[in-house]
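Colleague: I am new to this structure and would like to learn how to read it. Could you take me through a few features?

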Amino acid sequence: MGMNILVAHGGGPTAVINTSLQGVVEAARASGRVDKIYAARFGAEGILKGDLMDLTEVPAEVIARLRHTPASAIGSCRRKLTQDDYPTVLETIKKFKIDAFFYNGGNDSMDTCNKVNELAVKEGLNLSVIGIPKTMDNDLEVTDHCPGFGSAARYAAISASELALDASGLPIHVVVLELMGRNAGWVTAAGAMARRLTRCGQLTYLPEVPVDMDRMLADIEAVYAKGNGLLVTVSEGVCGPDGKPLADTGIVDGFGHVVPGGTAQYISGQIMQKLGIKSRAEKPGLLGRCSIPYVSPVDSGEAYEVGRYALESALRGESGQMVAIEAVRRPQYRSRLFLTPLSGVANAEKRFPLEWIVDGNQIDDAFFDYAKPLMGEDFPQYAFLR
């Protein structure tokens, strides 16, 4: 008799979250040791309701399309489980006779995964629990990087470069680009690729370093005065010296996090009011994390492999672990997968290294040595005639 498995998604989907799901499903089918493949409809919400989809007989060609499908094909949620929820989770696991549980998500999802594992052990359940890393924010500890980051970083790098070319081609305003990243500036840092691919001036601000508005405005005025155009790239969660976000929606999400937003618009307003320079605010928002045309081949490949590795780990009897990535970048990029205890990554947050932030508004080349293999090396080469 084979295993019954359950897969769930948690938090904001990435462009490659479905690719990890594909990896789990195809590896399960190839193993010959899995009877039922279940997926929770809308993540933890589906588990609590006992609302599971049976993917066992879904045609192979449909599963293959997951690699090119954005968002979450099975649904996700931002539901932070409470102690009162976990008995219901175990009831669903028992009802469907689940032998292995896979949760694909970030910091909070790994905390949920860890607690499910701890409770299963306490209750004497023979359940394998494996975390699958997923976050465009790239802020999970232990793993070198997270599936979803490479594609989001590629989107940020190319989109920022296109805006920079526009800003320098018609240098009548400062363009402020707001990218996702509440507490960690990994994706916004990738936008600094524009300074390497174009001749436009660029300033980059990450949440790891508080922003002094007076100094920011002085730097903006000085770079804009050079006449080459200016792109200001900011993380949505950038804060002032008081630790408060420059812009705050006043909304708290299902994980209890303050939802930032409107940072680019706020900075643009300050530029116009205090410097008298026209400014435009741009915010790709969700497109920055789900755009399939910008998917990095390395990111897609690794997302598939972490799903496959998670399934194979459960078949080996592993539990209480998250799949992690170890990477070597020289002489050429290569990576390998390993398991790390969920307890070491649950609710832990990896911030952008301060030593990679230069003068508060520039990104050191060391970051691009780290990130370029993950984004894909084939960046556009633009024509410069002026």
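Predicted model: local features only at pLDDT ≥ 70, side-chain atom pairs only at ≥ 80, totals over all residues.

Modeller: On a 1 Å grid over the protein atoms alone, a cavity is a set of points where a 1.4 Å probe fits but cannot get out, and lining residues have an atom within 4 Å of a point. Residues are numbered from 1 along each chain as its sequence is written, and side-chain values use heavy atoms, with hydrogens and water left out.

Colleague: Which residues line the largest cavity?

Modeller: Its lining consists of A44, I47, L81, V89, F101, Y103, T112 and V116. Helix 2 (44-49), strand 4 (100-105) and helix 5 (107-122) each give two or more residues to this lining. Helices (H or I, at least four residues) and strands (E, at least two) are DSSP runs, numbered from the N terminus.

Colleague: And how do I read a sheet?

Modeller: Strands of a sheet pair through backbone hydrogen bonds, either parallel or antiparallel. Two strands count as paired if DSSP finds at least two bridges between them. Here four strands form an open sheet in the order 7-8-6-11, with parallel pairing. Strand 7 (201-205) and strand 11 (279-282) are the edges, each pairing on one side only.

Colleague: How many bridges join strand 7 and strand 8?

Modeller: Strand 7 and strand 8 (residues 230-235) pair over five bridges. Y205, for instance, has V234 in strand 8 as its bridge partner. Helix 9 (residues 213-224) packs on the sheet, touching strand 6 (174-179), strand 7 and strand 8. Helix 10 (residues 263-275) also packs on the sheet, touching strand 6, strand 8 and strand 11. Contact means heavy atoms within 4.5 Å.

Colleague: At what angle do helix 9 and helix 10 pack?

Modeller: Axes are lines fitted to C-alpha atoms, for helices over the stretch in contact, and angles run from 0 to 180 degrees between N-to-C directions. Helix 9 and helix 10 pack at about 70°, with their axes 11 Å apart. That makes helix 9 roughly perpendicular to helix 10, a label for angles of 65 to 115 degrees. Among the residues that meet there are M213 and L217 in helix 9, and Y266 and I271 in helix 10.

Note on methods. 1 Å grid on protein atoms, 1.4 Å probe; cavity = no way out; pocket = protein on both sides within 12 Å on 5 of 7 lines; lining within 4 Å. Parallel < 35°, antiparallel > 145°, perpendicular 65-115°, else oblique.
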